[in-house]
Amino acid sequence: GGKGLPRAQVAAIVKDVAAKSKFPIEIRDGAPSAFHASIADDAPGAYWNGRVYIFPQNITSVNDLYRVLAHELVGHASVIEMLGDSYPQIVREIQNAKSLRNPAVLRLAQHVLETHGKLDAYAESSEILARAAEEAVDAEGNIRPGFAWFKRTLSVVAQWLRSKGIN
């Protein structure tokens, strides 16, 4: 269609970002739901099986493209890599916090529902985690109220960083 950023412009930026990323990035034309049923047709991007997908028809500006790339690469791909074997347990903890009506998790889950529609527990938790990464820590570096469940995620990420020699 005629909406979205021109594919050539998206491709140039994606090529530049992909050169610096260890995760492959693919540009996909056509309906995102045709690629995978769980992806909404207005989704600008997705992370699936170790790859980031960008849907140029749903990218509104260059800033939007960078935001989408950051969300998929940092919020999903990097987090899942860093959490490694702990990831399925963290998904269970997020779903458990939701069933126990944790206000922060419920608010994040509502945001995910409004922006992504109904998702399975795994995809929903992935989106909650990506959003929590933006909100859980205040300007002084303290965990905000309601985000105690996020401490384990930060602890696993810290272990991963130490394993790479970053203290």
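**Pocket lining and nonpolar cores**

Helix H3 contributes the most to the lining of the largest pocket, with 11 residues. The model is predicted, so local features were considered only at pLDDT of at least 70 and side-chain atom pairs only at pLDDT 80 or more, whereas totals for chains, interfaces and linings use all residues. Residues are numbered from 1 along each chain as its sequence is written, and side-chain values use heavy atoms, with hydrogens and water left out.

The largest pocket has a volume of about 1000 Å³. A pocket is here an open set of points on a 1 Å grid over the protein atoms alone where a 1.4 Å probe fits, with protein on both sides within 12 Å along at least five of seven lines; lining residues have an atom within 4 Å of a point. Grid points are joined across faces, edges and corners, and the volume is the space filled by probe spheres set on the points. Of the 42 lining residues, His71, Glu72, His76, His116 and Glu127 are the closest to the centre of the pocket. At least two lining residues each come from strand S2 (45-48) and from helices H3 (62-83), H5 (103-116), H6 (121-135) and H7 (151-163). Helices (H or I, at least four residues) and strands (E, at least two) are DSSP runs numbered from the N terminus. By type, the lining comprises 25 nonpolar, 11 polar and six charged residues, where Ala, Val, Leu, Ile, Met, Phe, Trp, Tyr, Cys and Pro count as nonpolar, Asp, Glu, Lys and Arg as charged, and the others, Gly among them, as polar.

The largest nonpolar core holds 41 residues, of which Ile54, Leu65, Leu129 and Trp149 touch the most other members. Such a core is a set of buried Ala, Val, Leu, Ile, Met, Phe, Trp, Tyr and Cys residues joined through side-chain atoms within 4.5 Å, buried meaning under 20% relative accessible area (1.4 Å probe, protein chains only). H3 also gives the most to this core, with nine residues. Beyond its neighbours within four places in sequence, Trp149 is in contact (heavy atoms within 4.5 Å) with Ile94, Asn102, Val105, Leu108, Ile128, Leu129 and Ala132. A second, separate core of five residues includes Ile39, Ala43, Tyr53 and Phe55.

The chain contains seven helices and three strands, in the order α-β-α-β-β-α-α-α-α-α from the N terminus. Buried residues make up 40% of its 167 residues.

Key. Buried means under 20% relative accessible area, exposed over 50%, partly exposed in between (1.4 Å probe, protein chains only).
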